[in-house]
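Trainee: Could you take me through the salt bridges here, with a close look at the pairs and how accessible their side chains are?

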Amino acid sequence: MAYENIIAEKKGGVGLITLNRPQALNALCAALIDELAHALDDFEADDDIGAIVVTGSEKAFAAGADIKEMKDRTYMDVYGQDFITKGWGRLATTRKPTIAAVSGFALGGGCELAMMCDMIIASESAKFGQPEITIGTIPGSGGTQRLTRFVGKSLSMYMNLTGEFIDADTALRSGLVAKVLPNAEMLDEALRIGAKIAGMSRPITMMCKEAVNRAYETSLAEGVLFERRVFHSTFSTEDQKEGMNAFAEKRKPSWKHR
Ligand code: HXC
């Protein structure tokens, strides 16, 4: 499929999706979200792909949902169509690991999109914010929920109630992002991490992701039980045998399932 608002390409075992609406700082219009969901479906179905990186431009990962597109919509319109759910949550439901590679503005829906990924790698220019309050609304895709779980109540309240942005250093200290790099190195590092993950056993990687994500959905006791059961189930795979035998034999594992 030819895309107009994104670029989807394969970089070895990594699927790279670049949000590409520079004239609107990658504002997330409905067409872009549809294309993103389509590209994610393709990469999920592609056996060559073991991880997915989503990035934007140097100036903006994404400046939020497209305000001009949504400004005149009515309550019955957005409620009736359950506006935002369609397509928007696709990143959060991918089974393959996902990395947001963020430079510049990640605001509103842009910050929410980044938070749907399994980790965020940021460049020094990254700015994260939930400025919806400044345009008379609130976040609609996780900005009050995921952000609060990731950075805690005080910083989340500050960001959501003032609309002010935080810089990459604050994002790193608060745990919102995993790493901060100079602008010129950030995407390469995200792709390196993606390639490393793609080089692991595919089913074990997916099980590991499921277990980490469970931490946000359940109690500690239930989460630890879930983890233990999944840990047990890895012993039914050929790749657990291969991984542990390779260690004992002092060689690199050759995964059966990649
Ligand atoms: C539509 C947008 C946009 C947006 C920027 N543009 N953000 N268009 N929706 N979210 C457009 C501008 O209108 C302008 O178009 C062009 O991109 C460049 O933007 P400027 O404002 O001129 O750039 P700059 O002065 O550098 O300011 C950058 C900025 C500012 C601080 C990021 O653009 C801004 O505040 N944007 C809105 C941020 C925001 O409120 N996001 C939350 C949206 S609500 P023209 O045609 O004039 O050149 C949301 C809800 C999510 O995300 C709900 C759940 C999904």
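Mentor: Happy to! A search of the whole structure finds 15 salt bridges, each being a side-chain nitrogen of Lys or Arg within 4 Å of a carboxyl oxygen of Asp or Glu. This is a predicted model, in which local features need pLDDT of at least 70, side-chain atom pairs count only at pLDDT 80 or more, and totals for chains, interfaces and linings use all residues. Residues are numbered from 1 along each chain as its sequence is written, and side-chain values use heavy atoms, with hydrogens and water left out.

Let's begin with Lys 71 and Asp 72, whose side chains meet in a salt bridge at 3.0 Å, N to O. For accessibility, buried means under 20% relative accessible area, exposed over 50%, and partly exposed in between (1.4 Å probe, protein chains only). Asp 72 is exposed at 60%, and Lys 71 is exposed too, at 54%.

Next come Asp 169 and Arg 173, joined by a salt bridge of 3.5 Å, N to O. They sit 4 residues apart in helix α8 (residues 168-173), so about one helical turn separates them; helices here are DSSP runs of H or I with at least four residues, numbered from the N terminus. Asp 169 is partly exposed at 44%, while Arg 173 is exposed at 64%.

Now look at Glu 242, which forms a salt bridge with Arg 251, with 2.7 Å between the closest N and O atoms. Glu 242 is buried, at 16% relative accessibility, whereas Arg 251 is partly exposed at 35%.

Notes. Helix = DSSP H or I, 4+ residues; strand = E, 2+ residues; numbered from the N terminus.
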